[in-house]
Amino acid sequence: MSYLTVDTREVDGTLVLYVNGYLNSLLGEEVERVIQTVLNAGGQRVVLNFEGTKLINSIGISFIIGVIEKLMERNGMMAFCSLSPINRELFKITGVARYVKSFDTEGEALAYLGRRF
Amino acid sequence: MPISAGGSDGTIGRGERFASGARRAVFKLEALRDLTFGIGRARNFDESIRIALMAILGTFSISKGILFLDEYGEFRARISRGLPPGVPPIARSQGLIRCLRGARRPVAVAGRGASGAISRAVAEVARAVPSFAAETFCPLGTRKEVLGMILLGRPLGGGKLSPLQREVLSVMAAVLSAHLSHHRGARESSRLNEVLRRQVEANTRLLEELEQIYLDTIRALAAAIDAKDPYTRGHSERVAKISVRIAEGLNLSESEVQAVRVASLLHDLGKIGTERAILSKDSALTRAEFREVRRHPRASFDILSEIRFPYPDVALLARHHHERVDGSGYPDGKSEQHIPIGARVIAVADSFDAMTTDRPYRDRLPLLDVLREIDANADRQFDPAVVGALFRAVKREFGGESPSGIFPALANGSCRREILAYIDRALKSSR
């Protein structure tokens with residue numbers, strides 16, 4: 001059990017997960033665990049809200065990619081929102097942006113996923 | 001810090017391509033930092049290699065990877081990512097070792113750089129884990145040793161790693177290898193420490209056993225000497241016990257005490273050459289017989305000096321056990337401090353035993369008389385310090401301070417209270 005916890009809320013069957021602080025090995029593990037739990041319970045839609053994210057390192061990217069893979073295996077969908085310019089660019093250069101659409105606001109991300117299902 | 005030329009609102013302006021390239025380079029440098037710091041801060045080895053694999057996968061946007069380590073004669077999958085657990089080990093084939101020793105750079109599994117051994121190893125893994133198609137083979141090792149390898153899946157979006165990316169991977173693998181090598185060295189040295197500790201324990205036990213066998217052998221030899229004279233049966237063994245008690249009371253070192261023990265057991269060894277008739281004679285000895293008897297300490301010395309004892313001066317202690325502190329003893333007429341302390345101890349113990357046992361020419365004496373006789377000869381025949389140590393040892397046993405081992409059995413009519421009172425007076429007046 002990690003001492004770090006991530007805030008989440010559910011909106012019409014979509015899990016919104018707030019990535020607060022540093023997305024490194026510790027927080028990454030917790031994010032992965034929470035999403036795995038939702039997927040195991042049959043959930044398919046996830047929004048990662050990066051508004052409170054200070055930094056994403058290479059290990060954090062590794063977790064994001066792991067989550068993307070898991071969702072693709074289950075035909076799930078994911079969207080990002082509230083990315084800082086630096087993180088938006090990070091997702092671009094790591095290729096993550098090609099798989100997950102980013103939105104300025106959480107509302108837009110939720111609307112997008114809602115439309116798709 | 002944003003390297004991007006874009007504004008803080010997220011728009012990307014001119015110089016985008018350059019900025020993006022620079023950002024990529026910075027990300028890779030940061031990833032190298034994540035790897036190094038991650039390894040350094042990990043709470044244990046397993047966490048350190050997991051963090052290392054995660055940093056590598058994140059750097060190249062790869063979701064699947066396995067880290068194999070050379071352990072117990074095979075390459076074991078120590079950590080994997082994006083795969084079900086239970087990846088089987090890869091055999092440590094000669095071919096694979098050769099190519100891990102040779103090219104220590106990452107290669108594309110399907111490319112020209114990959115040897116047959118690499119392809120076979122990858123196929124072996126693919127058979128066991130069908131969901132994993134390794135794209136990149138990354139050796140782990142140093143100039144001196146093969147440590148393992150990493151198999152990486154395809155990057156997000158497919159394709160192979162570019163030559164530049166493989167270059168970055170090889171730097172990360174070198175950092176990880178240094179860590180693995182250090183860990184292996186530390187583990188090996190702690191294993192060797194353990195082996196050494198056990199060896200020392202075993203040697204100590206062996207040494208103790210040998211020492212016991214050695215002392216038993218010397219005892220047997222001493223018993224053989226005593227057997228020559230029915231009146232001295234057990235004499236050497238008793239003298240040894242008394243001498244050791246005195247030597248310990250004088251705070252001699254452990255090895256000096258052992259030397260006293262062995263020399264006491266063997267002090268009369270020279271009597272082997274003395275005629276039995278002389279030794280058991282119950283009347284006064286002739287001058288010639290007396291001269292014959294006085295030869296035995298030197299004879300003991302001659303025999304014992306041929307033996308390399310693990311304790312100091314055993315032969316000398318035997319040689320001088322009939323010297324007297326006033327210089328009138330034999331064979332060398334040495335006096336006081338010129339007589340080795342061990343020999344002064346044996347001299348007292350020898351006389352003490354002679355007086356407390358029956359001899360051809362007289363019956364044994366009561367203990368009180370023996371103590372008086374010895375005290376009377378302190379400063380002439382005996383070293384007063386040694387006499388004091390004997391008296392204190394006798395007192396401890398009679399007074400119940402130490403288990404009664406030797407002396408109470410020798411009381412021979414002297415009562416305990418008298419003995420204690422006498423010793424107290426003697427010790428006081430000598431002070």
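# Close-up views of a predicted two-chain model

**Figure 1. Contacts of B:F407 in the predicted model.** B:F407 touches B:I242, B:F352, B:L367, B:L390, B:A393, B:V394, B:E397 and B:F398, leaving out residues up to four places away in sequence. The model shown here and in the other views is predicted.

Figure 2. The largest nonpolar core has 61 residues. B:F352, B:I374, B:L390, B:F391 and B:F407 touch the most other members. Helix 14 of chain B (residues 384–398) gives the largest share of this core, eight residues. A second core is separate and holds 31 residues. Among its members are B:L53, B:L69, B:I150 and B:M172.

Figure 3. Not counting residues up to four places away in sequence, B:T136 touches B:P106, B:V107, B:V109, B:I150, B:L151, B:L152, B:L161 and B:L169. One of these, B:I150, is also a member of the second core.

Figure 4. B:I90 belongs to strand 3 of chain B, residues 90–91. B:I90 is buried, at 2% relative accessible area. Beyond its neighbours within four places in sequence, B:I90 contacts B:F68, B:E74, B:F75, B:L96, B:A121, B:E124, B:V125 and B:M149. B:D70 is 20 residues from B:I90 in sequence. The C-alpha atoms of B:I90 and B:D70 are 9.4 Å apart.

**Figure 5. Interface of chain A and chain B.** On the chain A side, 23 residues are in contact with 28 residues of chain B. The buried area between the two chains is about 2,200 Å². Carbon and sulfur atoms give 58% of that area. A:S58, A:E89 and A:I93 supply 26% of what chain A buries against chain B, more than any other three residues. Eight residue pairs are in polar contact across the interface of chain A and chain B, both residues being at pLDDT 80 or more. In chain A, helix 1 (25–40), helix 2 (58–73) and helix 3 (85–93) each supply at least two residues of the side that touches chain B. Helix 2 of chain A gives the largest share, eight residues. By type, the residues of this side are ten nonpolar, seven polar and six charged.

**Figure 6. Salt bridge between A:E32 and B:R81.** The count of salt bridges between chain A and chain B is three. In one salt bridge, the side chains of A:E32 and B:R81 meet at 2.7 Å, N to O.

**Figure 7. Fold of chain A.** Chain A contains four helices and seven strands. Along the sequence, their order is β-β-β-α-β-β-α-β-α-β-α. Chain A has 117 residues, and 56% of them are buried. Of the contacts in chain A with a separation of 6 or more, 69% are between residues 24 or more positions apart.

**Figure 8. Salt bridge between B:R105 and B:E167.** Over all chains, the structure holds 33 salt bridges. In the B:R105–B:E167 pair, the closest N and O atoms are 3.2 Å apart. This pair links distant parts of the chain, 62 residues apart. B:R105 sits in the loop between helix 3 (94–101) and strand 4 (107–108) of chain B. B:E167 sits in helix 5 of chain B, residues 163–227. B:R105 is partly exposed, at 46% relative accessible area. B:E167 is partly exposed too, at 39%.

**Figure 9. Further salt bridges in chain B.** B:D369 and B:R372 meet through their side chains at 3.5 Å, N to O. These two are about one helical turn apart, because they are three residues apart in helix 13 of chain B (residues 367–376). B:D369 is partly exposed at 34% relative accessibility, and B:R372 is partly exposed at 41%. The side chains of B:D326 and B:R324 form a salt bridge at 3.8 Å, N to O. B:D326 is partly exposed at 39%, and B:R324 is partly exposed at 24%. B:D46, B:E71, B:R78 and B:R187 are linked in a salt-bridge network.

Key. Residues numbered from 1 in each chain as written. Chains lettered and ligands numbered in written order. Predicted model: local features only at pLDDT ≥ 70, side-chain atom pairs only at ≥ 80, totals over all residues. Heavy atoms only, no water. Contact = heavy atoms within 4.5 Å. Buried area = accessible area lost by both parts, 1.4 Å probe. Salt bridge = Lys/Arg side-chain N within 4 Å of Asp/Glu carboxyl O. Polar contact = N/O pair within 3.5 Å; in protein donor to acceptor, adjacent residues only side chain to side chain. Nonpolar A, V, L, I, M, F, W, Y, C, P; charged D, E, K, R; others polar. Core = buried A, V, L, I, M, F, W, Y, C linked by side-chain atoms within 4.5 Å. Buried < 20%, exposed > 50% of the residue type's maximum accessible area, 1.4 Å probe, protein only.
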